[in-house]
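Visitor: I have a few questions about this chain. Could you show it to me?

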Amino acid sequence: MLQWWQTETGGFCITPLPVAGIKLKPGCAMMPFFGIEPALLNEKGEELVGASAGYLVIKKPWPSTLRSIYGDHKRMEEVYFNRFPGYFMTGDGARRDQDGHYFITGRVDDGMVDSSCSGDKNVPSECGVCSCVRDVFIC
């Protein structure tokens with residue numbers, strides 16, 4: 001079983017729900033939890049409908065979401081709310097299938113600059129394909 005959540009969200013946000021007749025899909029986080037309204041946005045911040053892929057955001061606040069970063073409220077606003085005003089930016093990409101089920105595709109805001117090879121920015125899921133990566137520390 002796969003769920004999607006973050007420390008910042010305070011609990012599961014997309015998860016398999018115990019609803020009769022819904023079958024689990026491999027690699028799928030499934031459906032929004034009660035009160036959570038996810039959306040997918042394109043680069044311009046336009047909401048995508050139906051089966052699509054894009055930036056995973058949350059449309060409205062919920063009781064357990066983070067309220068600030070201790071000592072740096074401005075940073076919290078910049079990281080989570082400025083890129084797409086009116087939405088909570090999760091930093092993850094996702095795709096939604098024709099049934100409305102969500103598949104998390106990976107981080108869209110993390111990366112490491114590969115200074116010894118090409119100088120490209122690699123997201124964590126791509127690190128294994130770069131032959132020059134010898135040691136990686138992920139905190």
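Visitor: Where is the place of Met 30?
Guide: This is a predicted model. Met 30 has a positive phi of about 90°, although it is not a glycine. Its place is in the loop between strand 2 (11-15) and strand 3 (31-32).

Visitor: Does Met 30 count as buried or exposed?
Guide: Buried means under 20% relative accessible area. Met 30 has 1% relative accessibility, so it counts as buried.

Visitor: Which residue forms a salt bridge with Glu 37?
Guide: Side chains of opposite charge can pair when their charged atoms come close. Here the closest N and O atoms are 3.2 Å apart. The pair links distant parts of the chain, 23 residues apart. The partner of Glu 37 is Lys 60.

Visitor: How many residues apart are Glu 47 and Lys 59?
Guide: Glu 47 forms a salt bridge with Lys 59, with the closest N and O atoms 3.1 Å apart. Glu 47 sits in strand 5 (residues 47-48), and Lys 59 in the loop between strand 6 and helix 1. The separation is 12 residues.

Visitor: Which strands hold Arg 107 and Asp 92?
Guide: Arg 107 forms a salt bridge with Asp 92, the closest N and O atoms being 2.9 Å apart. The pair ties together parts that are 15 residues apart in sequence, because Arg 107 lies in strand 8 and Asp 92 in strand 7.

Visitor: Does Asp 92 count as buried or exposed?
Guide: The cut-off for buried is under 20%. Asp 92 has 6% relative accessibility, so it counts as buried.

Conventions: Residues numbered from 1 in each chain as written. Predicted model: local features only at pLDDT ≥ 70, side-chain atom pairs only at ≥ 80, totals over all residues. Heavy atoms only, no water. Helix = DSSP H or I, 4+ residues; strand = E, 2+ residues; numbered from the N terminus. Buried < 20%, exposed > 50% of the residue type's maximum accessible area, 1.4 Å probe, protein only. Salt bridge = Lys/Arg side-chain N within 4 Å of Asp/Glu carboxyl O.
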